Every structure is written in C-alpha cells, then in structure tokens.
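Student: Could you walk me through this one before I start looking at individual side chains?
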Amino acid sequence: MLFVKKHRAIALIAEGLITPRIVDIILFSVFVLVAIVVDYAILSYKLSGSDQGDFIQQTVPEYINDFKTLPNFVIFAAETVQMKYSVTGVSLSAPIVTILVTALAIDIFRMMNVLKQKVSSATTRKHSEAIKCLSVQLGTSVLSLAPAVLLAISFAMKSVHTQTMSEMSIAWFATHSSLNMVFLLIFFPPFKSFLKKKYQT
C-alpha cells in the first residue's frame with residue numbers, strides 16, 4: 001500500500017499513470033479479509049484433544065508418553081482439501097505480490113528520472129530517500145516471509161525434514177528486526193545520520 005501511495009504521489013508530478021484512491025480501500029479490505037480467512041482456516045484444521053491422542057496413537061505410538069509430558073502442543077490436520085488450498089495459496093500469492101511491488105518500484109524509479117528535469121534537487125532527493133526506505137522494508141519483508149513460504153512448500157511435498165524446517169523458520173523469522181536495522185544502516189543514509197545525531201548528543 002505504501003508503494004502504491006508513493007507511486008501515486010510521484011505520478012501526479014511526473015504525469016504518469018495515476019492509480020485511483022479506491023485502490024487503497026480495495027487493498028486494505030483484501031489484506032484484512034485475507035488475514036481473517038487464513039487465521040480462521042488454520043485454526044479450523046486444529047484437532048481436538050481426543051483426536052490428537054488418537055492421531056499420535058495411530059502414527060507415532062512410541063512417542064505418546066513424551067507428548068503427554070508436554071504442557072502445550074497442537075496438531076493440525078494436513079490432509080484436508082482446505083489445507084492444500086491454503087498451502088497452494090500461500091505458495092502462489094507471495095511471489096505474485098513480490099512481482100507486482102517490484103513492477104511498481106521499477107516504474108517509480110523510471111518516473112524519478114523524468115522528475116529530475118522538473119523539480120528541485122532537494123525534492124528529488126526526498127522522494128529518492130523515501131523509495132530507498134520502502135525498498136529496504138520490502139527486502140526485509142520478503143526475507144522474513146520466505147520461511148513461511150518454504151514451510152508451506154515442505155508441507156505440500158510431505159518432506160521428512162518439515163520439523164527441522166519449522167525450527168529454522170522460527171529462528172529465521174526472529175531475525176527480521178535485526179536485518180531491517182542492518183539494511184537501513186547500509187542502504188539508507190538518513191537513518192545512519194539520525195543515529196549519529198542521537199548518540200552524539
């Protein structure tokens with residue numbers, strides 16, 4: 001949504017393709033709806049307490065005593081049609097969204113080249129810094145969402161390494177804020193300047 005807003009702001013000046021404001025409302029509605037539907041769908045795959053016991057007894061009876069010692073655990077039914085649709089949806093939507101945002105970013109940079117002839121260098125620099133910041137945010141978001149996509153693929157392929165993938169995904173996802181800060185320090189000079197001023201005073 002931020003890329004769409006920035007694209008519109010620059011397109012107004014550069015006389016490019018201007019996306020209507022209704023797109024913001026549609027995107028916001030879609031994001032909220034998808035979040036609700038996905039959460040509800042995932043929770044609906046959760047097995048009840050008795051079903052979990054039966055499942056463990058049927059699949060890994062040698063571990064049933066170990067499971068009983070756990071204070072908390074949840075088993076989700078992976079063999080439902082809905083789960084297969086969810087996994088497919090996650091695996092397809094992430095690359096599609098990434099491609100669309102990348103196309104927007106490329107068009108923004110194209111318009112920025114046109115704008116250099118029309119606006120002051122200060123205005124150009126301000127827009128350029130905002131785009132760099134958004135690009136860094138996009139990059140770290142893709143990196144943080146990659147584990148979820150890989151995990152969905154491993155579920156779909158019924159990989160024997162799914163448990164290991166789950167553990168790695170949790171650890172990977174936890175690095176998001178650290179990666180974000182490192183990338184901002186490297187690729188976004190105003191953030192570096194802000195930190196210098198903050199810790200010099």
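Predicted model: local features only at pLDDT ≥ 70, side-chain atom pairs only at ≥ 80, totals over all residues.

Student: OK, how many helices and strands does the protein have?

Tutor: The protein has nine helices and zero strands, where helices (H or I, at least four residues) and strands (E, at least two) are DSSP runs numbered from the N terminus. The radius of gyration, taken over C-alpha atoms, is 23 Å, well over the 17 Å that the globule rule gives for 201 residues, so the protein is more spread out than a compact globule. That rule is 2.2 Å times the number of residues to the power 0.38.

Student: And what does the C-alpha trace span along its principal axes?

Tutor: The trace spans about 70 × 45 × 25 Å. Of the 201 residues, 22% are buried, meaning under 20% relative accessible area, with exposed set at over 50% and partly exposed in between (1.4 Å probe, protein chains only).

Student: Switching to residues, is Ser 169 buried or exposed?

Tutor: Ser 169, which lies in helix H7 (residues 162–173), counts as buried because its relative accessibility is 9%. A polar atom of its side chain lies 2.7 Å from the backbone oxygen of Met 165. Not counting residues up to four places away in sequence, Ser 169 touches Pro 147 and Leu 151, contact here meaning heavy atoms within 4.5 Å.

Student: What about Asp 24, which residues is it in contact with?

Tutor: Leaving aside neighbours within four places in sequence, Asp 24 is in contact with Met 1, Val 4, Lys 5 and Arg 8. Asp 24 sits in helix H2 (residues 22–44) and is buried because its relative accessible area is 9%.

Student: Last one, where does Ala 103 lie?

Tutor: Ala 103 lies in helix H5 (residues 81–115), and it is classed as partly exposed because its relative accessible area is 44%. Its C-alpha atom is separated by 24 Å from that of Pro 189, a residue 86 residues apart from it along the chain.

Student: Then how much of the contacts with a separation of 6 or more comes from residues 24 or more positions apart?

Tutor: Such residue pairs account for 63% of those contacts in the protein.

Methods. Residues numbered from 1 in each chain as written. Heavy atoms only, no water. Polar contact = N/O pair within 3.5 Å; in protein donor to acceptor, adjacent residues only side chain to side chain.
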